[in-house]
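Look at the structure below and keep the sequence at hand.

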Amino acid sequence: MIDELPYIDSLAGLRFGRQTGKLTAIHGGVIEASGCDVHQGQLVEIIQAKGGSRIKAEVVGLRDKRILLMPFSDVHGLCLNSTVVPLDSSLKVPVGNHLLGRVVDAMGAPLDRAALPAAEMVLSSYAEPINPLDRTPINETLSTGVKAIDVFCTLGRGQRIGIMAGSGVGKSTLLGMMAKHTDADVIVIALIGERGREVGDFIRESLGEDGLKRSVVVVASAEQPAVLRRQAAYTATTIAEWFRDKNKNVLLIMDSITRFAMAQREIGLSTGEPIGSRGYPSSVFSLLPPLLERGGTLKNKGTITSIYTVLVEGDDINEPVADHMRSILDGHVMLSRELAALGHYPAIDIQNSISRLASSLLEAKESSCIKLLRESLAIYSSSRDLIDLGAYEPGRNQQLDKALKLKPELDKLVTQNPSDTCQWSQTWKHAFSIVNTREQIDSEKAKRTYGE
């Protein structure tokens with residue numbers, strides 16, 4: 001007699017039809033459904049009742065027997081008779097060398113109106129956490145081509161740093177300079193929540209044709225739904241991870257992480273999360289560390305150096321997202337609206353910018369050079385009001401007199417035309433020459449005081 005039990009068990013696991021559901025409510029950007037078995041983060045298709053188009057959506061919440069969905073496109077035409085069809089997976093990201101030089105959306109589809117070749121792999125946009133013991137020390141410098149950053153906020157391959165500023169202070173221009181001039185192998189750029197005009201301007205002007213050739217640009221512009229703006233960050237990070245696994249040195253630029261946080265705030269509040277500081281629910285601050293920790297250096301692989309712009313609301317550097325980012329990152333570059341108004345570009349506030357890894361990346365001579373240059377800038381800054389008013393008389397403060405003599409060369413070091421390419425060796429040669437001038441001033445002063 002044939003044992004029927006194995007066959008019965010096999011049949012029990014088969015699905016002879018796809019379970020579907022129906023919409024039960026539409027509240028602004030959130031759609032409620034019921035009647036199908038789905039999990040958090042799963043994709044579904046919503047089919048209009050009268051043979052209309054299909055709309056993809058993501059499961060963003062489960063409450064009692066209700067399924068909370070956020071669509072990827074406009075909801076006009078949907079009704080309570082619309083059918084919800086679960087798809088078999090969560091969001092996947094197509095990756096491969098074919099992405100170089102291309103502009104894609106948050107789903108990995110091309111935006112530059114040219115077909116993409118078949119992907120080499122398709123990866124989940126949510127990676128497993130990295131074992132801390134699999135990370136290697138960050139001990140190799142990365143030249144960004146921006147003099148002020150290379151000297152005063154030296155970056156290492158695999159470091160994570162934030163660029164913090166209010167709107168209209170030159171973040172995009174600075175990012176374009178770094179993308180064009182860096183010595184990374186691959187640049188992955190995520191433009192999240194940007195105006196459509198700014199996306200085109202950044203690609204054409206800030207990045208340029210040469211910069212685009214070794215870049216992948218992921219775009220989720222301001223008018224797109226919150227789920228796509230959030231997804232763009234994960235898509236860009238997944239693409240960067242694939243290139244790192246191919247032993248490439250990757251520069252990941254995300255503009256901006258604040259708009260990623262705003263997208264998650266919109267999702268969280270729509271699904272009923274309690275409101276926290278400045279309207280941000282707790283999910284925003286729980287998503288940031290896992291996303292940012294995906295960068296870095298790994299054994300027998302390449303590196304991901306991550307640069308995140310933080311849009312400081314109301315120029316308040318202590319607002320929740322900026323404060324949280326400073327606690328996670330390995331340093332930050334502050335941009336000053338006051339310097340930008342004076343035509344000082346890049347408008348980097350040297351005194352309030354720091355790289356936490358600079359001391360381990362630089363030699364003793366270079367660290368000493370930075371210390372002396374920062375000291376001269378600080379002395380000048382503390383007395384700038386007196387100098388601007390003409391109230392300071394030379395000779396009263398020897399340290400300030402020295403800073404005044406060095407100021408023209410210091411200005412040349414910390415300012416730069418966006419189109420200029422500055423080599424690492426030439427930048428440091430300039431910095432050392434300023435320190436040598438300072439030492440010569442000290443020597444001449446000693447001779448006048450004590451004689452030859």
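I192 is buried, with a relative accessible area of 0%; buried means under 20% relative accessible area, exposed means over 50%, and partly exposed covers the range in between, using a 1.4 Å probe and protein chains only. This is a predicted model, in which local features need pLDDT of at least 70 and side-chain atom pairs count only at pLDDT 80 or more, while totals for chains, interfaces and linings use all residues. Residues are numbered from 1 along each chain as its sequence is written, and side-chain values use heavy atoms, with hydrogens and water left out.

I192 belongs to strand β13, which covers residues 186–192. Helices (H or I, at least four residues) and strands (E, at least two) are DSSP runs, numbered from the N terminus. What does I192 touch, leaving aside its neighbours within four places in sequence? Its contacts are A220, R229, A232, A233, M254, D255, S256, R259 and F260, where contact means heavy atoms within 4.5 Å. Q224 is 32 residues from I192 in sequence, and their C-alpha atoms are 9.7 Å apart in space.

The peptide bond that joins D255 and S256 is cis, with omega about 5 degrees. S256 sits in the loop between β15 (249–255) and α6. A cis peptide bond also runs from Y345 to P346, where omega is near -5 degrees. P346 is placed in the loop between α9 (337–341) and β19 (354–355).

N247 is not a glycine, yet it has a positive phi of about 65 degrees. The loop between α5 and β15 holds N247, and this residue is exposed, with a relative accessible area of 51%. N300, also not a glycine, has a positive phi of about 60 degrees. N300 lies in the loop between β16 (296–297) and β17 and is exposed, its relative accessible area being 80%.

Which residues of helix α7 are buried? They are S283, V284, L288, L291 and L292. Viewed down the axis of α7, these buried residues fall within an arc of 140 degrees, so they line one face of the helix. The arc is that of the directions from the helix axis to the C-beta atoms. Among the elements covering the buried residues of α7 are β12 (160–165), α5 (226–245), α6 (257–270), β17 (303–311) and α8 (320–328).

Of its 11 residues, 8 are buried, so α3 is largely enclosed by the rest of the structure. The buried residues are K171, L174, L175, G176, M177, M178, A179 and H181.

Two packed helices are described by the angle between their axes and the distance between the axes. The axes of α3 (residues 171–181) and α4 (residues 196–213) come within 8 Å and cross at roughly 55 degrees. That angle makes α3 oblique to α4. Axes here are lines fitted to C-alpha atoms, for helices over the stretch in contact, and angles run from 0 to 180 degrees between N-to-C directions. Angles under 35 degrees count as roughly parallel, over 145 as roughly antiparallel, 65 to 115 as roughly perpendicular and the rest as oblique. On the α3 side, S172, T173, L175, G176, A179 and K180 meet F202, E205, S206 and L207 of α4.

L373 is found in α11 and is buried, with a relative accessible area of 2%. Not counting residues up to four places away in sequence, L373 touches V151, F152, L410, L413, A431, I434 and V435. L373 and A431 are 58 residues apart along the chain, but their C-alpha atoms are separated by 8.1 Å.

Finally, consider the whole chain. The protein chain has 14 helices and 19 strands. Of its 452 residues, 50% count as buried.
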